[in-house]
Structure formats: structure tokens, C-alpha cells
Amino acid sequence: MNDRVEVRKTYKLFIKGAFPRSESGRTYEVHDTDDKFLANAAKASRKDARDAVLAARAGFDGWSAATAYNRGQVLYRVAEVMEGRREQFIADVQAAEGSGDKKSARVVDAAIDRLVWYAGWADKYAQVVGNTNPVAGPYFNFTIPEPTGVVAAIAPQDSSLLGLVSVIAPIVVTGNAVIVVASTRRPIPAITLTEVLATSDVPPGVINVLTGDPAEIAPWLASHGDVNAIDLTGVTSAELAKKLEIEAAGTVKRVRPPAQPNWLANPDLGRLRSFVETKTVWHPLGA
Amino acid sequence: MRTIAEPLNTTSSLREFLHGLPGVDEVGVKARATALGTRSIKNESKAWAIDMAIRMVDLTTLEGMDTPGKVRAMCAKALRPDPTDPTVPSVAAVCVYGDMAPVARAVVGDNLHVAAVATAFPSGRASLEVKLQDVRDAVAGGADEIDMVIDRGAFLSGNYGLVNEQIIAVKVACGTAHLKVILETGELRTLDNVRRASWLAMMAGADFIKTSTGKVPVAATPAVTIVMLQAVRDYYALTGSQIGVKPAGGIRTSKDAIKYLVLVKEIAGEAWLTPDLFRFGASTLLNDLLMQRQRMAVGHYSGPDYVTID
């Protein structure tokens, strides 16, 4: 009966579509809400963050140039593969968050639905956020959103799957590449998500997932010259948030402040609009 | 090791000498390269190594689409790699095609070396007369370093005498210009051949031996560089003259460059840690060195937005 050798898990990071160990070689123990040991997770260092930024910059070039339709299809594909692993996600969320069967299933379904929702916006948000502007002159004047670039994000600490998906989906659907630091104490659903991302047509480098301590990694991301924006959603300490905002100001990054919304509620376009740059073009008429 | 007593100028005498060289322990060389590559370099040494690597760069553009404007821009960068930081040293030389040598010389003046590739680069498939004229043109155009390619076809078919004669003839055509001999190690197949080609080039009068043209898939590797560094070290022990080494192609990061500097120190010795005896043939490496330098100066990671686009 019970003579199978136990498969002990030591998970790794997700950078450039591959699963490297932390450059530092460090790991940390992950426990469920009852303090039962679940697995070991990699503890990312500043050098892993640096590698992830390189990967994200390389991934950004192709991803931002892909058609909006194509980006939507890729996100939808992620939702498809998640649906296939629904039971695993429910078990992961249950262990991580200590929620019951029903609540966990509701959270996983909401995460999948959220991806589908954002996937749908891929080729539609520009029509809503952009505009043609009436101007007093012989010009056709229009405004379009363009991706900001490489975005670093701190995922919510409590909502390990739904919160994570709600943070990264709007970042990537508009054409950005993201480096996300998963929930420190609840990283397993994020790690399962990386296994989904690796098998669902997301180009390498577009989504990079680090596990570890945001207080250690995030300052390097906030000060990094090749990161264009930072999403502080999951930062729980006001002191750290302030420090990160100051670091980010050094290279004039776009910053989204910490937040703890009800992730189950229907989202608005706020996150989609957070990491786009507005480009306005004056085109001469009748020349 | 035997001495080079008799003049070696025939295929048979060269074959006897070159095939008498000890064989290369390929597994051992690769293990050595890996072991030396893992050495940890602390901050102070790293700062020194980055500046030394910048001073060793032969900033290169060898494209069919090179324009005088692009060569001029590259030369300006070679003189002043980071205009925002006057403490950054100039690179060692610029490396261009022969017809661009006058353009490069006009910008760099006497401040930098101008290296020109010649002898039907990169294939080397042309008559000797064409190759020599190519060299004379480049020298007349202001190049003071000539990067020639050996005839790999002749080398691989064992016609060492022909390769030897061509290098000697090119050396004569160079006049006072330094001669770098490109072995194109990616096409030589074995490390034994790399060792033989290195000796052949050095005995024929090379001032530098260079790994690659950068035009074939396999360019400079640490293992190949180790074999070449061993060759220049042994040649120095035998003859008392120091030959330089130039790995080129595929070295893109500061980390790689520093690994090569470790190889130079450990294999050839500290005497080779100078731009006169060791160079990097590279184009994108310089930007990475500058970003690392900026990171050490300001304390946070830099990005490609803060260096020029090549």
C-alpha cells in the first residue's frame, strides 16, 4: 500500500521559459496554514532578479510587436491549460490559503475566468483607452496606448493564485513583459502556474516568476535601469513601499501603489491602463 | 620540447615539427576552462578587470552594410566609450574592412590603432596576389594592424608549406603594420589542429594569433583560447619573443570577458595582461562592460537605454 517512495519537491524559479535554481543556491521551506511542510521553494537573489530583467527585455521585443489578437489568443490558451489542471490548482490553493473545497474551487474558477476576461480585452482596450481627438487645424489627431516595457510586480501575499493572475494578466495583455515576485509564504499556486505558462505558447521571458522575499529582491528591481515600471500591489509594509517608491524615482519609473482589493469582485480597466504609455500623433490632412 | 634549429620552410619539415608537438588533452583543457571560469572575482578586482577589458577591446564592425557614417560613429565611441564618464579608458583599436581604414584613421588620428581585415576575409579563398594587394591597400589606407585569415583548406589538407609561405608573404606586405593571423578555429575541428596552426603562424612571423573571423557558427571558446595561450607561452620559452592572443566572436558579456582574463593570467602569465598582448575582438561586449561599470559606480543595475546603440 504505502511502499511508494515519497516524491519530495524542491521547486525552482521561472525565468526565460526555463526553470533554473536560484543562482544563490538557496531554498526555503513552504508550509500550509496548519504549519505542515509542503515543499521547498527557491529563494531568489538579486542576481536572479537581474537575469529575469534580461530575459524580460529580450521577451518584450517580440511580445510588444505581436498583434493584439495574438496576445489575446496566448492568454486564452493559458486559461485553457489552467482549466485542464483545475483539480491541482484547487488542491494547491486549499493547502496554501487554508480555504475549504468550495471556496478554493470558486477562487480557481475566478482566476481562469479573469484570464479569459483580460484575453478578450487584448484587441479592444485600445479602442476604449485611445481616441481620435478633435483639433482646431488641418490635422488628423489620434491617441493610442503603447506598452510601457519591462514591469516588475509584487504579487499579493494572501491571494496566492487569483491575486497573482489579476496582477500579471493586465500587465502582459497590453504588451509588457513582467517579472513577478510570488507570495512569499504561499508560492505553490504560482509555481504550478509557471508549469502552465511553460506549456501554453507564452514566449520565453514575457512572464518570469521569482519566489522569495520581496524585501530582498524588490529594491534591486525598483532601482534597475532597465525596468520601466513597478507594481507594488503585494507590498504589505508601508516602510518597504516607501523605500521602493524612492528607489523607483531614481530612474523615473511608473509606480502602482500597494492595494488589497477584493479579488473576487469584477475588475475594471484600472490595471490595464496602469502600464501603457499614451502616444498622440498629429497627421497632416489635405496636403 | 625540441628547439627550432633548422629552418622550417617545407611542407615535410613543418609536418615533422607540427605533428611532433604534444597532443592536446581535450577533456583536460575543457575541465580547466570550466574550473577557471568558476573563480569568484571580488569587487575591487572586478573594477580593475572591467577597465582592463575595455582597454583590450578591438571594437569591430565587419558587415556588408557598413557605411562611412557607421564607421565614424564607432570610432568616436572607441575613443570615448562613455561620454558621460571621462574616467572610462579608450579601447585598444577599431577593426574594420580594408576600404574603411581611411575613414577610421581620419577619426581616431594617432590615438588608437586601426586594424583592417584583409586577404579575402573571411574565407581566404583568393589568389595570393589578390590577398597581398588587399593587404597593401589596407596599409596604404592607414591601417597599422592587419588581420589576415589562413588558408584553412590548405592547412586541413596538410599543405603546411603553402600556409607558411602565404603568412610570410603577407608579413612582408604589411611592412611595419602588426600582423594578426586568424586561425578560424571553428573550422579546424580539433584542438590538436589549433595548437599546430598556432605554432605555424607564430613561426611564420605573426605578431598576434586570433581565434576567429566571427563569420562561422563556432567562434572563440575558452578551451581554444587556453590552447593558444599555452602555445604563446611555450613559444616565448623557446624563442624569447612574446606573441599576442586575440579571441574574437561570441564574447558578449563582462562575465565572459573576465573569465578570459583569468585564463590569460593563469595560462600565459601576468605579462600578457596588457592590450599589447591580449585583445578582445568584439562589438556588443563594450556596451556590457560599460553597463557593468555604471552599475559599480551608481550601485544599481543599468540598462541598454544608458549606452549607445551600435
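**View 1. Helices α3 and α12 of chain B cross each other.** In this predicted model, the axes of α3 (residues 43-56) and α12 (residues 285-298) of chain B come within 10 Å and cross at roughly 150°. Axes here are lines fitted to C-alpha atoms, for helices over the stretch in contact, with angles from 0 to 180 degrees between N-to-C directions. The two helices are therefore roughly antiparallel (an angle over 145 degrees). Helices are DSSP runs of H or I with at least four residues, strands are E runs of at least two, and both are numbered from the N terminus.

**View 2. A closer look at the residues between α3(B) and α12(B).** From α3(B), B:A47, B:I50, B:A53 and B:I54 meet B:L286, B:L289, B:Q292, B:R293 and B:M296 of α12(B). Contact means C-beta atoms, placed from the backbone, within 7 Å. This set divides into 7 nonpolar, 1 polar and 1 charged. Ala, Val, Leu, Ile, Met, Phe, Trp, Tyr, Cys and Pro count as nonpolar, Asp, Glu, Lys and Arg as charged, and the others, Gly among them, as polar.

**View 3. Where chain A touches chain B.** Chain A brings 6 residues to this contact and chain B brings 7 residues. On the chain A side, you will find 1 nonpolar, 3 polar and 2 charged.

**View 4. Inside chain A.** Chain A holds 10 helices and 10 strands. Of its 287 residues, 46% are buried (20 or more other C-beta atoms within 10 Å of their own, C-beta atoms being placed from the backbone).

**Notes.** Residues are numbered from 1 along each chain as its sequence is written, and chains are lettered from A and ligands numbered from 1 in the order written. Because the model is predicted, local features need pLDDT of at least 70 and side-chain atom pairs count only at pLDDT 80 or more, while totals for chains, interfaces and linings use all residues.

Definitions and conventions
Contact = placed C-beta atoms within 7 Å. Parallel < 35°, antiparallel > 145°, perpendicular 65-115°, else oblique. Buried ≥ 20, exposed ≤ 12 C-beta atoms within 10 Å, placed from the backbone.
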